[in-house]
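Here are my notes on the model, as numbered points.

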Amino acid sequence: MLIAGNWKMFKGPAEATAFCRELRARELGNAGVVVCPPCVSLASAVEALADTEIAVAAQNVAWEAEGAFTGEVSASMLLEVGVYGAIVGHSERRQYFGETDETAARRATAALGAGLAVIACVGETEAEREAGETEPVLRRQVAVFEAHPDLVVAYEPVWAIGTGRTATPEIAQDAHAVIKSVLDVPVLYGGSVKPENAAEILSQPDVDGALVGGASLDVDSFAAICLAASRS
Ligand code: PGA
């Protein structure tokens, strides 16, 4: 089980330090725990979590090692500050910043090649689900990644992200099974995971953890989700 907290564009360095100091004092159980702060807060989080099992990942990573790529941060730069992995292909990057299946795949390949772990995000929109296209969309999105021991996929139905609408455990299980039929890697569920629904979703056979947005910003709720994961 892996629980990753995607902070999105919340918590600068001072807040990140305070959160991580609080988190390391909590009982979190035995699931793997990762926090994904914004880029400027990565070093603070790494420092505040030193000598713990809690890992720190970035929310994005460049596909090139260095060069004239304004606004990008490379895998080796992330490794230099003690970051262990990166999210790629999050639906917000696809929706607002032009990320595509191809660019997400290039980011994953570069990150894995440099020694970072990768959480690759996929998921259908509401329109795609209503049109009965969920399965082909997931197959297309997942097919661009290559299996790797340090790769996990996060299934995040776009209609469930930040909306309070969680996929039912059955919807999550079905989607995870489709993803695993294309790529044999662990699959996290993401989309309005909260302490109240975590245990039920995480109990599904093909759900190997969660990528948590909103509920990861609060130490109490994030710790409660980590504990629910270690019980399932
Ligand atoms: P949410 O976000 O938990 O706030 O729905 C999940 C995500 O986007 O990773």
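1. A polar contact here is a pair of N or O atoms within 3.5 Å. The model is a predicted one, and the contacts below should be read as computed from it. An N or O atom in the side chain of Asn-6 is 3.5 Å from an oxygen atom of the ligand.

2. A polar backbone atom of Gly-162 is 2.6 Å from a ligand oxygen atom. For Gly-214, a backbone N or O atom lies 2.8 Å from an oxygen atom of the ligand. On its own the ligand has 290 Å² of accessible area, of which the protein covers 95%.

3. Turning to the strand residue: Ala-117 lies in strand S5, which spans residues 117-122. Is Ala-117 buried or exposed? Ala-117 counts as buried because its relative accessibility is 11%, and the cut-off for buried is under 20%.

4. Leaving aside residues up to four places away in sequence, Ala-117 touches Tyr-84, Gly-85, Ala-86 and Asp-150. One of these, Asp-150, is 33 residues from Ala-117 along the chain, yet the C-alpha atoms of the two are separated by 4.7 Å.

How values were computed. Residues numbered from 1 in each chain as written. Predicted model: local features only at pLDDT ≥ 70, side-chain atom pairs only at ≥ 80, totals over all residues. Heavy atoms only, no water. Polar contact = N/O pair within 3.5 Å; in protein donor to acceptor, adjacent residues only side chain to side chain. Areas by Shrake-Rupley, 256 points an atom, 1.4 Å probe, with all protein chains shown as cover. Helix = DSSP H or I, 4+ residues; strand = E, 2+ residues; numbered from the N terminus. Buried < 20%, exposed > 50% of the residue type's maximum accessible area, 1.4 Å probe, protein only. Contact = heavy atoms within 4.5 Å.
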